[in-house]
Amino acid sequence: MRILLFTGKGGVGKTTLAAATAARLAARGERVLAVSTDPAHSLADALGVPLGPEPREIPLGMHAAEVQTRGLVDKNWAELREHLRTMLLAAGVAELEAEELTLLPGVEDLLALAEVHRLAASGLWDAVIVDCGPTAETLRLLALPESLSGYLERLFPAHRRVVRGMLAGMAGSENVQRWDAAAEALSRLAERLTALREMLADPGTGVRLVLTPESVVAAETRRTLTALALQQVRVDGLVANRLVPNPGAARGEAAQWMRTRRREQEAVLDSVRAATDVPLRTVEHRAAEPVGVEALRELADELYGDGDPLAAGEDIPAMRVTGGGRALDSEYSLRIALPLHEDADVDLARIADELAVTVDGRRRLIALPAVLRRCVVTSAVAGDDGLTIGFRPDPDQWMR
């Protein structure tokens with residue numbers, strides 16, 4: 001099964017292109033679900049039908065839904081939050097502090113992504129097309145499963161049995177029962193976070209970045225490519241929307257303006273192509289807004305031609321270790337696939353068995369492969385297509 005997540009700067013037409021992609025797949029007989037996680041839903045407007053939180057079949061021959069995060073919070077988070085609050089109060093945390101600690105950041109976004117996973121895992125569809133929010137919100141959304149896993153581990157550490165025993169010794173069986181209830185609820189959340197991380201890392205999941213051929217939008221797209229690669233989320237397609245139609249041999253002031261504007265747009269797209277190997281498709285601006293079955297299918301025909309909307313690009317490993325040698329004479333290179341735009345601000349730091357990689361203020365901890373954990377960093381080179389970090393054995397650790 002394929003999961004395609006459409007995102008881009010606000011107003012670039014990502015919802016329409018997501019709907020057109022779903023319509024194309026439905027027309028060729030695929031079982032397809034289009035679902036919106038954008039807080040400002042417009043999928044129903046693009047499809048021309050009313051939608052709710054549960055998938056419904058629509059005249060396009062597919063299913064569609066708009067995730068309502070408020071209802072998910074009331075249904076899925078309220079109980080867990082109360083368990084956490086009770087546990088913290090029982091452990092002696094002040095009530096105000098317990099309230100603040102259980103305000104989990106980004107919980108609505110997390111539950112929206114969890115709903116996509118639930119729907120995709122049902123096995124009812126061959127493809128799930130997701131209309132995500134604008135780029136900044138989507139970057140936060142896709143980073144949540146990993147960051148919240150760390151949050152939970154700090155709040156609810158791995159040594160659960162030790163904490164349970166301490167509570168039993170301090171306050172008897174009542175606190176133990178509260179702890180067990182919270183532990184069970186947290187374990188369920190941890191399992192969901194693990195499932196979400198696996199879904200995002202799966203080769204069948206890809207992001208489609210939508211842009212308009214403008215310098216400001218193209219610059220944001222290049223930064224987004226780097227940010228998603230840092231989170232090890234795969235981008236398998238770019239779509240440039242609303243190109244000025246080519247006037248051909250037409251004459252007149254309007255035709256000249258169109259030719260000039262088209263050349264400017266093509267120059268912007270050439271800069272995007274030069275910055276990445278991700279396939280780029282284009283769609284021309286249309287006189288009428290593409291709403292409804294026929295308009296969406298016509299748009300999809302222009303977008304994909306004879307191509308397959310589900311086709312994915314080359315699957316490049318996020319990390320690769322090369323090198324070797326004899327004991328202390330060994331030399332290794334760690335290659336991190338991370339497209340870097342020209343003005344990228346990159347910082348590296350070694351923290352125990354992890355590398356802290358920071359690009360343009362976005363930080364990610366990357367666990368080092370086992371062979372490099374007893375090594376020291378000797379060099380680091382940043383290129384257009386990633387980072388190459390040199391290692392050699394640390395004599396003090398290698399001989400242990």
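Visitor: With which residue does Asp236 form a salt bridge, and how far apart are the closest N and O atoms?

Guide: The model is predicted, and local features are described only where pLDDT is at least 70, with side-chain atom pairs counted at pLDDT 80 or more and totals for chains, interfaces and linings using all residues. Residues are numbered from 1 along each chain as its sequence is written, and side-chain values use heavy atoms, without hydrogens or water.

The partner of Asp236 is Arg2, and the closest N and O atoms of this salt bridge are 2.8 Å apart (a side-chain nitrogen of Lys or Arg within 4 Å of a carboxyl oxygen of Asp or Glu). The pair joins distant parts of the chain, 234 residues apart: Asp236 belongs to strand 7, residues 235-243, and Arg2 to strand 1, residues 2-8 (helices, H or I of at least four residues, and strands, E of at least two, are DSSP runs numbered from the N terminus). Asp236 counts as buried at 5% relative accessibility, and Arg2 is likewise buried, with a relative accessible area of 12% (buried is under 20%, exposed over 50% and partly exposed in between, with a 1.4 Å probe and protein chains only). In general, side chains of opposite charge can pair when their charged atoms come close.

For context, the structure contains 16 salt bridges. One of them links Arg24 with Asp301, where the closest N and O atoms are 3.6 Å apart. Arg24 is part of helix 1 (residues 14-27) and Asp301 part of helix 11 (residues 293-304), so this pair ties together parts that lie 277 residues apart in sequence. The setting of its two partners can be stated as well: Arg24 is buried, at a relative accessible area of 15%, whereas Asp301 is partly exposed, at 45%. A further salt bridge is formed by Glu30 and Arg28, with 3.1 Å between the closest N and O atoms. Arg28 is partly exposed, with a relative accessible area of 40%.

Returning to strand 7, one finds Arg242 there. Arg242 has a positive phi of about 65°, although the residue is not a glycine. At 32% relative accessibility, Arg242 counts as partly exposed. A positive phi is also found at Ala352, which is not a glycine and has a value of about 55°. Ala352 sits in the loop between strand 11 (346-351) and strand 12 (354-359), and counts as exposed at 62% relative accessibility.

Arg262 lies in helix 10, residues 253-275, and is buried, with a relative accessible area of 15%. Apart from neighbours within four places in sequence, Arg262 is in contact with Leu243, Val244, Pro245, Asn246 and Glu284 (contact means heavy atoms within 4.5 Å).
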